[in-house]
Amino acid sequence: MADQLILSSPLLDYVRDFSLREDDVLRELREETAELPGGSALQIDPEEGQFLALLVRMTGAADVLELGTYTGYSALCMARALPADGHLVTCDITDRWPSIGVPYWKRAGVADRVEQRVEDAAAVLGELLAERGPASFDLVFIDADKVNYPRYYEQSLELVRPGGLIVVDNTLFFGQVADPAFTDANTEGVRALNALLRDDERVEVSMLTIADGVTLARRKGA
Ligand code: CA
């Protein structure tokens, strides 16, 4: 078996040159985000945004939940891929960053599909379960704080319908998951989720080595 291809900077440029279809709205939001303190480190890569949009379309998802809005780039990607009557709920613990994305959602004509909640992700998950009941989402994108990843996953699994998809970001966590020197709470949170997913018979999984690691978990049963 060949070793995994190492994505050098020239190769990543090539990937972007030959596949990225980021338009002005997305690019301008990404550039505005990059100027923030912490900036682009917290934002998904543009090719990942394009991949999320493709996932939404491929699965025909109409109800999508996102944990971790940040400046709304991934929300914009997914909202645009929804059908006209589709609905995206996105949450973040602060409005400071999501408020940057709102004008871009409006410009793209999808602001009416996006419901923003400013609250802790676990609380939002609990509320949505009470409001809508179990199995009420087609796709959940988990990209909130890493410490609580296992908890968010368990709650999301209740909320996603059988046959629905959970997409988890940063599952390789800068490579730290495979380096025993890292024992911080964030790395351990990601490791705990990865271990949970490996053995979880309720889902089919694929851990993708794009961006910072993206794991797909499809809930069985449909
Ligand atoms: Ca992320």
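Begin at the calcium ion, whose protein donors are Asp 143 (OD), Asp 143 (OD), Asp 169 (OD) and Asn 170 (OD1), lying 2.3 to 2.8 Å from the ion. The structure on display is a predicted model. Along the sequence, the donor residues of the calcium ion follow the spacing D-x25-D-N. Select Asp 169 and Asn 170 next: both Asp 169 and Asn 170 are buried.

**Asn 186**

Now select Asn 186, which belongs to helix α8 (residues 185–198). Is Asn 186 partly exposed or buried? Its relative accessibility is 32%, so Asn 186 counts as partly exposed. Leaving aside residues up to four places away in sequence, Asn 186 touches Lys 146, Val 147 and Phe 173.

**Ser 136**

Proceed to the loop between α6 (121–132) and β4 (137–142), where Ser 136 is found. With a relative accessible area of 18%, Ser 136 is buried, because the cut-off for buried is under 20%. Display Asp 63 and Leu 159 as well; Ser 136 touches both, not counting residues up to four places away in sequence.

**Helix α5**

Select helix α5 (residues 98–107), in which the buried residues are Pro 98, Ile 100, Gly 101, Tyr 104 and Trp 105. These residues cover an arc of only 140 degrees around the axis, and they therefore lie on the same side of α5. To view what covers the buried residues of α5, show α2 (24–34), α4 (73–81), β2 (87–92) and β3 (114–118), which are included in that cover. Just after α5, select Gly 109, which takes a positive phi of about 75 degrees.

**The nonpolar cores**

The largest nonpolar core has 33 residues, of which Val 56, Val 64, Leu 76, Met 78, Leu 88, Leu 139 and Val 167 touch the most other members. Two or more residues of this core come from each of α2, α3 (46–59), α4, α5, β4, β5 (160–169) and β7 (214–219). Helix α4 gives the largest share of this core, seven residues.

Centre the view on Val 56. Apart from residues up to four places away in sequence, Val 56 touches Ala 61, Val 64, Met 78, Ala 81, Leu 82 and Leu 139. The tour ends at a second, separate core of 28 residues, which includes Leu 67, Ala 144, Leu 159 and Val 177. In soluble globular proteins, nonpolar side chains tend to be buried together.

Terms used: Residues numbered from 1 in each chain as written. Predicted model: local features only at pLDDT ≥ 70, side-chain atom pairs only at ≥ 80, totals over all residues. Heavy atoms only, no water. Helix = DSSP H or I, 4+ residues; strand = E, 2+ residues; numbered from the N terminus. Buried < 20%, exposed > 50% of the residue type's maximum accessible area, 1.4 Å probe, protein only. Contact = heavy atoms within 4.5 Å. Donors = N, O, S within 2.8 Å, 3.2 Å for Na, K, Ca; no water. Arc of directions from axis to C-beta. Core = buried A, V, L, I, M, F, W, Y, C linked by side-chain atoms within 4.5 Å.
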